[in-house]
Amino acid sequence: MDFKHFQQFLTLAETLNFRRAAEKLHMAQPPLSVSIRKLEAEVGVTLFTRGKDGVRLTESGEAALGEARRALFHAAQFRQAARAASTGDLGTLRIGFVGSATHEVLPRLLPRFHALYPGVELELREAISIRIMQGIEEESIDIGVVRVPVAIGSNTRLATLFTETFVLAVPKSNPLAQRATVRLKDLSDEGFILYSGVDAPGLRTAAIHACQLRGFMPRVTQEAIQVQTVLSLVEAGFGVALVPSVSRRFNSRHVIYKKLADFPASASIGISLAWRPSAESAAVRNFLDVAAQVFKE
């Protein structure tokens with residue numbers, strides 16, 4: 001028994017005429033008659049009565065009619081789901097993202113993707129970049145929005161969305177807050193709130209690299225993982241910090257942001273998409289395409 005038998009049974013039940021049913025099925029009448037008899041033999045009951053008055057459904061045929069319709073409906077749903085998944089129009093996309101992506105990336109990218117692919121369910125998971133990269137390697141995350149620089153595995157790829165520089169975040173009470181121009185080299189005597197080397201090694205390395213290019217090693221007074229926590233410590237007066245320029249969206253009466261006149265271009269940071277080509281689904285490819293278009297604009 002297969003879905004062809006269900007379709008033949010349903011067509012004959014609707015027409016109650018072998019000739020018209022065969023025409024609808026684009027087949028000859030004798031093979032249809034043989035196929036229906038084989039179906040009846042397989043289920044072990046008579047589904048149709050045949051006589052001078054035409055064809056009629058038996059009580060067993062009437063009982064089976066609803067199930068045949070449901071079977072064909074689910075078969076169509078199966079085909080539709082499989083085809084939609086193959087084109088990325090249906091399924092689930094697991095996205096890991098860093099907190100700072102909520103300022104610039106996700107508000108621009110997710111509405112566009114959802115409008116184009118409403119059948120794809122998005123599972124959003126906030127984490128630090130190093131954890132997102134681990135999730136991609138372990139295939140528990142399909143695509144990540146990570147802050148770079150970040151260490152990547154040999155099977156992982158990065159696509160840059162945008163680059164930015166660090167800006168200086170200082171407490172309002174710090175004399176640097178009143179200066180019209182601040183240079184990175186002016187910070188050699190300041191206490192720095194720096195990123196954790198274990199959980200945010202990329203940002204930490206970039207910040208230290210920038211300071212070293214200007215002739216000093218930052219004096220670390222506190223460490224934190226998230227940019228938001230770093231800014232909270234600056235706000236509390238524990239020191240100064242180099243934070244991504246997008247962080248200026250964090251408004252506080254007690255934190256002043258300063259552009260650094262001599263910030264080295266080689267210490268730039270940014271936001272990238274990360275994924276594994278070997279585990280790349282159609283939904284991932286569509287997400288990459290939409291991101292490329294959005295950030296090109």
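The following legends describe close-up views of a predicted model.

**View 1. Helices H1 and H3 in contact.** This view shows helix H1, residues 3–15, together with helix H3, residues 29–43. The axes of the two helices come within 10 Å and cross at roughly 110 degrees. That angle makes H1 roughly perpendicular to H3. On the H1 side, the contact is formed by His 5, Gln 8, Phe 9 and Leu 12. These residues meet Leu 32, Ser 35, Ile 36 and Leu 39 of H3.

**View 2. Gln 29 in helix H3.** Gln 29 lies in helix H3. Its relative accessible area is 39%, so Gln 29 is partly exposed. Not counting residues up to four places away in sequence, Gln 29 touches Phe 18, Arg 19 and Ala 22. A further reference point is Asn 17, which is 12 residues from Gln 29 in sequence. In space, the C-alpha atoms of Gln 29 and Asn 17 are 9.9 Å apart.

**View 3. His 26 in the loop between H2 and H3.** The loop shown here lies between helix H2, residues 18–24, and H3, and His 26 has its place in this loop. Phi of His 26 is near 60 degrees, a positive value in a residue other than glycine. With a relative accessible area of 75%, His 26 is exposed.

**View 4. The salt bridge between Glu 104 and Arg 108 in helix H5.** Both Glu 104 and Arg 108 lie in helix H5, which covers residues 101–116. The two residues are four residues apart, about one turn of the helix. Their side chains meet in a salt bridge with an N to O distance of 2.9 Å. Side chains of opposite charge can pair when their charged atoms come close. Glu 104 counts as partly exposed, at 22% relative accessibility. Arg 108 is likewise partly exposed, and its relative accessible area is 34%.

**View 5. The salt bridge between Glu 223 and Arg 204.** The side chains of Glu 223 and Arg 204 meet in a salt bridge, 2.9 Å from N to O. Glu 223 belongs to strand E9 (residues 219–224) and Arg 204 to helix H7 (residues 201–213), so the pair ties together parts that are 19 residues apart in sequence. Glu 223 is partly exposed, with 43% relative accessible area.

View 6. Arg 285 forms a salt bridge with Glu 280. The closest N and O atoms of this pair are 3.8 Å apart. Arg 285 counts as partly exposed at 36% relative accessibility, and Glu 280 is partly exposed with a relative accessible area of 27%. Elsewhere, salt bridges that share partners join Glu 104, Arg 108 and Arg 249 into one network. The count for the model comes to 14 salt bridges.

**View 7. Glu 139 in the loop between H6 and E5.** Glu 139 is found in the loop between helix H6, residues 129–137, and strand E5. Phi of Glu 139 is near 65 degrees, which is a positive value in a residue other than glycine. At 41% relative accessibility, Glu 139 counts as partly exposed.

View 8. The peptide bond from Val 148 to Pro 149 is cis, and its omega is near 10 degrees. Pro 149 has its place in the loop between strand E5, residues 143–148, and E6.

View 9. Glu 164 lies in strand E6, which covers residues 157–164. Glu 164 is buried, because its relative accessible area is 8% and buried means under 20%. The side chain of Glu 164 is joined to that of Arg 147 by a polar contact of 2.9 Å. Another polar contact, of 2.7 Å, joins the side chains of Glu 164 and Ser 245. Leaving aside neighbours within four places in sequence, Glu 164 is in contact with Arg 147, Pro 244, Ser 245, Val 246, Ser 268, Ile 269 and Gly 270.

Technical notes. Residues numbered from 1 in each chain as written. Predicted model: local features only at pLDDT ≥ 70, side-chain atom pairs only at ≥ 80, totals over all residues. Heavy atoms only, no water. Axes fitted to C-alpha atoms, helices over the stretch in contact; angles between N-to-C directions. Parallel < 35°, antiparallel > 145°, perpendicular 65-115°, else oblique. Contact = heavy atoms within 4.5 Å. Buried < 20%, exposed > 50% of the residue type's maximum accessible area, 1.4 Å probe, protein only. Polar contact = N/O pair within 3.5 Å; in protein donor to acceptor, adjacent residues only side chain to side chain. Salt bridge = Lys/Arg side-chain N within 4 Å of Asp/Glu carboxyl O.
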